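Subject: Structure handover

Hello,

Here is the structure we spoke about, with some notes below it. Please look it over when you have time.

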Amino acid sequence: MPWTQKSMAETLPRLLKSYEFLDLALAEHGSRMAAHEARRLRAELARAFAKIVAHPSEDARVTVAQVRFIIANLDHASVDPGVIRELQRAC
């Protein structure tokens with residue numbers, strides 16, 4: 001199925017929910033997780049962040065949601081070099 005503006009607009013909310021879920025899981029349970037599991041979730045969180053930042057759209061509402069997300073989560077971005085590079089590329 002080719003990407004349409006509608007499917008792109010529907011993808012971002014799923015990405016945002018995934019990010020929120022992973023972030024909450026790490027915040028609430030990260031200290032009790034095995035080190036390798038916590039690393040895996042942090043890597044997934046970074047990938048979700050990068051996908052949100054790089055998500056293509058021509059819809060201004062989607063872009064505004066991306067910008068709000070980036071601003072709200074800049075503290076997370078500052079600890080992951082891969083995310084920082086993705087933000088620099090997006091800017």
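Which residues on the other side of H3 are exposed? Before the reply to that, note that this is a predicted model.

The overall picture comes first. The protein chain holds five helices and zero strands, and along the sequence the pattern reads α-α-α-α-α. It has 91 residues, of which 33% count as buried. Taking contacts between residues at least 6 apart in sequence, 55% join residues at least 24 apart. The protein chain exposes about 6,300 Å², with 60% of that supplied by carbon and sulfur atoms.

Now to helix H3, which covers residues 60–72. With 13 residues at 1.5 Å a residue, H3 should span 18 Å, and this agrees with its end C-alpha atoms, which are 18 Å apart. Val62, Gln66, Phe69 and Ile70 are the buried residues of H3. They lie on the same side of H3, because the arc they cover around the axis is only 100 degrees. As for the question above, the exposed residues on the other side of H3 are Ala60, Arg61, Arg68, Ile71 and Ala72.

One residue further along may also be of use. Ile84 sits in helix H5, residues 81–90. Its relative accessible area is 31%; buried would need under 20% and exposed over 50%, so Ile84 counts as partly exposed. Between Ile84 and Leu74 there are 9.3 Å in space, C-alpha to C-alpha, and the two are ten residues apart in sequence.

Regards

How values were computed:
Residues numbered from 1 in each chain as written. Predicted model: local features only at pLDDT ≥ 70, side-chain atom pairs only at ≥ 80, totals over all residues. Heavy atoms only, no water. Helix = DSSP H or I, 4+ residues; strand = E, 2+ residues; numbered from the N terminus. Expected span 1.5 Å × (residues − 1). Buried < 20%, exposed > 50% of the residue type's maximum accessible area, 1.4 Å probe, protein only. Arc of directions from axis to C-beta. Contact = heavy atoms within 4.5 Å. Areas by Shrake-Rupley, 256 points an atom, 1.4 Å probe, with all protein chains shown as cover.
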